[in-house]
Amino acid sequence: MKDESISDVLFFSEKRRQILLYLLEGPKTIDDIKSYLNSKSSPLMVQIRILTRNFLIQEKNGVFSLTPLGEYTVREMRDILDMFAVFDKNPEYWGEVELTAFPAYLLSRIGELGEVELCYPSKAHIFDRARPVEKSLKSAESLIEISSIFRQEYVTDYAEIAERNVSVAFIFTQEVIDRLEKDFPESYHNYMKRENVRIFVCPEIKLASCMVTDKIISLSLFTKKGNFYNHDLISYNNSAVLWGTDLFHHFRSLSMIHNLQ
Amino acid sequence: MNSLIETVFFSEKRKAVLILLFEKGPLPIETIKSELDETSVSILPQIKVLIDNNLIIQNDGIYQLTHLGETVAEKVSPFIKNLQVLSVNPKFWSEHDTGEIPENLFNRIQEIGDFKIIEIDLRTIYYEPNPIIREHIKNASSIKTFITYYAPEYVMVYYDRLMSGAPVSITTSDYIVNMAKDYKTEINNLLQLDRAELNVCSADVKIAEVTVTDKILLMVLYSTAGNLDYDFLAAESPSAVQWGNELYDYLRSRSVNKKEI
């Protein structure tokens, strides 16, 4: 019995994980737990006994709660499970893309992306953004774009958003700014004179692009070999949007504001 | 492909390989085998699972984490290491309030390494210092102590150290300082010494004691019910002392320095 390691207790049973994550919300009665897990008493009590015996939960007057050891352990477990859920949803994708694009502290929080969806365009729309991205752009109340690739939308859809006077921040590589200025001078000068638009230049951006609005984040990454194929990895979770905002702050701290020459 | 929970947690050997490569960097198979005390037959199948799941790669006989593997290991490794330390005495960590230890320090609890719990016989309190504790302090060449309970029996031990030339820093609550007002003149005289330091914190910090010398970390936590059971956690590794210093510095940063009382 002494052989149970805490990590085995945590990870070998889905039911135990559910009980623990539920208790992270606060103390619960056995009836709460039963109805939450939709489970009968006896199989549940077996798991509860294992958790109690390993000092992760305690019972007082019929109310179950996490011990301090349980509190720490379950918080960490939740973070690990969140990260694993993101990677497990698209394992081939994550095995293939260039992760050095992100600073380590944000990679370690990648679980905050939550329920991600990987969208590949159909052949007829091979150069278009995913539908959910196009759609959410129309109602965006703020827009951040971090990018090392030139996208046609920067002079179409994004320009329309800028016209609506919402806050727009671009972090581009010099190459992207040069292309914008040279081939689309009208759009470029329009951005430069708008008060609601800020353009920053970053010496190195190793992701293809990242768009963050108040509602959605969309990531497009290079493969480890440096190739790019059109895709949007999107999430609508609040925590994902906050993660994207932190990514913006990371790149912003490495960037200079871009002014007219 | 397996789920990451299966890949990482369902095999002690895979977990060990991930942690080893995370800590030591790229390694040839011979080193992996000898470090983990495994044979080719016992370890290669597990390594293959890690390779198939994009967590490690092999080049010219050298095994290393992929960036994905590193992201996963960076998340999982500190947790596993912390659990190893907490598992030494899970009962202690389930019955004592650790909420006041800042998260970034508790996440590094592995650094305290081997620790023991010294139980103090409550009948001796107020008369003489515990012999084990006194033994640890009496030759210390520096002492920092954060204390929120009244322990007059240790005053002479600290006084001896101060007189021997050791720097002594004490951080305590208003409440304790008031109790010491009878010795106001003597205390103020001692505080004239450069090597004596007194800081005053608010009385509601829920840590009973943190004492750090050049050789040992001693910590007393309140029970989850808020009682004091005088269970001393004692850890003697250099990393434990370093960890204790950081905890002390954090507690001191939340207090006010006093040149006199």
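Residues are counted from 1 along each chain as its sequence is written, and chains are lettered from A, with ligands numbered from 1, in the order of writing. Because the model is predicted, local features need pLDDT of at least 70 and side-chain atom pairs count only at pLDDT 80 or more, while totals for chains, interfaces and linings use all residues.

Along its principal axes, the C-alpha trace of chain B spans about 75 × 35 × 30 Å.

Each chain is divided into domains, whose bounds come from an automatic or database domain assignment. In chain B, domain 1 covers 4-84 and domain 2 covers 89-258, and their C-alpha centres lie 40 Å apart. In chain A, domain 1 covers 6-77 and domain 2 covers 98-257; the centres of these two domains, taken over C-alpha atoms, are separated by 41 Å.

The UniProt record, an unreviewed entry, annotates residues 133-253 of chain A as "domain: Methanogenesis regulatory protein FilR1 middle". UniProt positions are given in the numbering used here, feature names are shortened, and annotations may be inferred rather than shown by experiment. Over residues 133-253 of chain A, the chain is 40% helix and 25% strand, with end C-alpha atoms 26 Å apart. For chain B, the annotation "domain: Methanogenesis regulatory protein FilR1 middle" (unreviewed entry) in UniProt covers residues 127-254. That span of chain B is 36% helix and 24% strand, and its end C-alpha atoms lie 31 Å apart.

The sheet of chain B may now be followed strand by strand. It is an open sheet of 8 strands with mixed pairing, in the order E4-E10-E9-E8-E5-E6-E7-E11; two strands pair if DSSP finds at least two bridges between them. Strand E4 (115-119) and strand E11 (256-258) of chain B are the edge strands, each pairing on one side only. Neighbouring strands of this sheet are turned by 20° against each other on average, direction ignored. Axes are lines fitted to C-alpha atoms, for helices over the stretch in contact, and angles run from 0 to 180 degrees between N-to-C directions.

Several pairings can be located within this sheet. E4(B) and E10(B) run antiparallel and are joined by 5 bridges, with Leu233(B) in E10(B) as the bridge partner of Ile117(B). E10(B) also pairs with E9(B) in the antiparallel sense, over 4 bridges; there, Val220(B) stands opposite Phe232(B). Strand E5 (residues 143-147) and strand E6 (residues 168-173) of chain B run parallel, joined by 5 bridges. Ile170(B) in E6(B) is the bridge partner of Thr145(B). Helix H12 (residues 238-253) of chain B packs on the sheet, touching E5, E6, E7, E8, E9 and E10 of chain B, and its direction makes about 125° with that of E8(B).

Chain A contains an open sheet of 3 strands, ordered E1-E3-E2, with antiparallel pairing. Strand E1 (28-29) and strand E2 (57-60) of chain A stand at the edges with a single partner strand each, so one side of each is left without a neighbour in the sheet. E1(A) pairs with strand E3 (residues 63-66) of chain A over 2 bridges, and Val63(A) is the bridge partner of Thr29(A). Helix H2 (residues 14-23) of chain A packs on the sheet, touching E1, E2 and E3 of chain A; the helix direction makes about 90° with that of E3(A).

Finally, the two chains meet. In total, 26 residues of chain B are in contact with 26 residues of chain A, contact meaning that the C-beta atoms of two residues, placed from the backbone, lie within 7 Å. On the side of chain B that touches chain A, the elements giving two or more residues are helix H1 (4-9), helix H5 (67-86) and helix H6 (90-95) of chain B. H5(B) gives the most, with 10 residues. The residues of this side of chain B divide into 13 nonpolar, 9 polar and 4 charged. In this division, Ala, Val, Leu, Ile, Met, Phe, Trp, Tyr, Cys and Pro count as nonpolar, Asp, Glu, Lys and Arg as charged, and the others, Gly among them, as polar.
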